[in-house]
Amino acid sequence: MLQDRKNGERKVSLSCHGFIKMRNFLIASLLCLFECGVNAQELFLLTNPASNVPKNTLVMRGMNSFFQRTADNTVSYHFMPEMELGLSKRVMLIVNGFVSNENNKVNVEGGSVLAQYRFYSNDGNKQHFRMALWSRLSVNNAEIHQEEIELNGHNTGGRIGLTGTQLLHKTAISTTVSYQRTGSNFQNEFPVNYANKSVDYTLSVGQLVLPRVYKDFKQTNINLMIEILGQTHMSGGKSFLDIAPVVQFIFKSKSRLDIAYRRELYSDMLRTQPNGVIVNYQYSFFNVQKK
Amino acid sequence: MVSLTSHAQIYKAELIANGLTCSMCSNATYSQLKTISFLDSISTDVEHAKFVLYFHPTSPFDLRIIKSKVEDAGFSVGSLVLFTDLENLEVESDTHHTVGEVTYHFIDTKKQILQKAQGIKVIDKGFVTEKEYKKYLKMSSKNSCYKTGKMENVKYLYHVTVL
């Protein structure tokens, strides 16, 4: 990590050949998703769709990420406990915390609050188009060791975004555009040579593989998803683009297990741990407030 | 307007929710519907996002609560078809039939006698797609109660059509 900070101010992580291979993989994967012709989901792991958690529903989530530190190949572990609550049919609130194993000890580094307002919804039979506005406020006291701005676990700051989600004949596609601004992490000052504002953009596609036909709520669902996540700094123009294939299991229509591998496709900014595995488990409690 | 003195009641309704495909979404909708006090039980067809609602025989009901619960789950009503004991009732377009506190206003309905187990579909705003609502709004331009959803001295007004 130290070596990264001293020498690795700019790096291009993939060769041209590697980028073409990844691009081909991405195109093939997307084509497969559209041609398989089975049900889809929009319960994405790394982004929220424009749909909200249902009113009066509480989702408890535990997200674990195991990312490889490029400096020494050790594993950076982050645990993010999260609570999602549907306040109304249009508004949901998400609160989460950040815990890491930096410096080989358990660090409670901070937390964030996200509110999402679904302002447009056009539903049809097994289809919808929705749009939502959302904002995240994060606090973090972690050491700032990379140029990537990540308010979900690394940086203090605010983010505002717009999401559009289309469910069309059982295929779900969602995209987000957001603006975020960061600053110092309490006593850890923000490096003066780092950009503190960015535009972020994502594209997520989801597909239900099993079951082919729904019979009841007890069937295990298996979803395949691909999420593409990018960031461009407002000053300096440095960017990265990541891809994250996700396999998702839904048990008894109440709980969810996601396993993802996030990999950098391209970057010209300093990132100390861009590639890794994410394992998430969550459980939905419906009708939490009895009337 | 025809008034009935019998205790006519909905015994079941078939609800199709729009905007969802997944079983988790169906379960969220089912969980919301379960909280409705005038429903006895609910059976679910997850594949078609269809819910068969069995009404409590003597409880007063408000169909707008069903719409509200589907929306709370994050979705919308695609269709709500009622199965009532209004059999042998003669109906046609632009007639009102009152049963207790409930008034049914028939629209787009040929003159006929309702048969046993014949469904009547609720066509008020929010119970059909926006496109269907606009179609019925054109048909009922003379009847402002379709637009407002309200009628003087009527507590529960439902605009319906016979399937």
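## Ground rules

This is a predicted model, so local features need pLDDT of at least 70 and side-chain atom pairs count only at pLDDT 80 or more, while totals for chains, interfaces and linings use all residues. Residues are numbered from 1 along each chain as its sequence is written, and chains are lettered from A and ligands numbered from 1 in the order in which they are written.

## The two chains

Start with chain B, which has four helices and 11 strands. Helices here are DSSP runs of H or I with at least four residues, strands are runs of E with at least two, and both are numbered from the N terminus. The radius of gyration of chain B is 15 Å, close to the 15 Å from the globule rule for 163 residues, so chain B is as compact as a globular protein of that length. That radius is taken over C-alpha atoms, and the rule is 2.2 Å times the number of residues to the power 0.38. The C-alpha trace of chain B spans about 45 × 35 × 30 Å along its principal axes.

Chain A comes to two helices and 12 strands, and its elements run α-α-β-β-β-β-β-β-β-β-β-β-β-β from the N terminus on. Buried residues make up 41% of the 291 residues in chain A and 41% of the 163 residues in chain B. Buried means 20 or more other C-beta atoms within 10 Å of the residue's own, exposed means 12 or fewer, and partly exposed is in between, with C-beta atoms placed from the backbone. Taking contacts with a separation of 6 or more, residues 24 or more positions apart account for 61% in chain A and 68% in chain B. A contact is two C-beta atoms, placed from the backbone, within 7 Å.

## Where A meets B

Between the chains, 32 residues of chain A are in contact with 21 residues of chain B. The chain A side of this has 10 nonpolar, 13 polar and nine charged residues. For these classes, Ala, Val, Leu, Ile, Met, Phe, Trp, Tyr, Cys and Pro count as nonpolar, Asp, Glu, Lys and Arg as charged, and the others, Gly among them, as polar.

## Helices α1 and α2 of chain B

In α1(B), 11 of the 11 residues are buried, so this helix is largely enclosed by the rest of the structure. Among them are Met24(B), Cys25(B), Ala28(B) and Tyr30(B). The buried residues of α1(B) pack against β9 (221–233) and β10 (239–251) of chain A, and against β2, β3 (39–45), β4 (50–55) and α2 of chain B.

The axes of α1(B) and α2(B) come within 8 Å and cross at roughly 140°. Axes are lines fitted to C-alpha atoms, for helices over the stretch in contact, and angles run from 0 to 180 degrees between N-to-C directions. On the α1(B) side, Thr29(B), Gln32(B) and Leu33(B) meet Lys69(B), Val70(B) and Asp72(B) in α2(B). This contact divides into two nonpolar, two polar and two charged residues. Helix α2(B) covers residues 63–72, with Leu63(B) and Ile66(B) among its buried residues. After α2(B) comes Gly74(B), with a positive phi near 105°.

## The nonpolar cores

A nonpolar core is a set of buried Ala, Val, Leu, Ile, Met, Phe, Trp, Tyr and Cys residues joined through C-beta atoms within 7 Å. Of the 62 residues in the largest one, Leu15(B), Ala17(B), Leu80(B) and Val122(B) touch the most other members. Helix α1(B) gives the most to this core, with five residues. Another core, of eight residues, lies apart from it and includes Val53(A) and Trp134(A).

Which residues does Leu80(B) touch, not counting those up to four places away in sequence? They are Ala13(B), Leu15(B), Leu63(B), Ile66(B), Val122(B) and Phe127(B).

## Two residues in strand β11 of chain A

Ser255(A) sits in β11 (residues 255–267) of chain A and counts as partly exposed because it has 15 C-beta neighbours inside 10 Å. Leaving aside neighbours within four places in sequence, Ser255(A) is in contact with Gln282(A) and Tyr283(A).

Leu257(A) is also in β11 of chain A, and it counts as partly exposed with 14 C-beta neighbours inside 10 Å. Beyond neighbours within four places in sequence, Leu257(A) is in contact with Phe249(A) and Tyr281(A).
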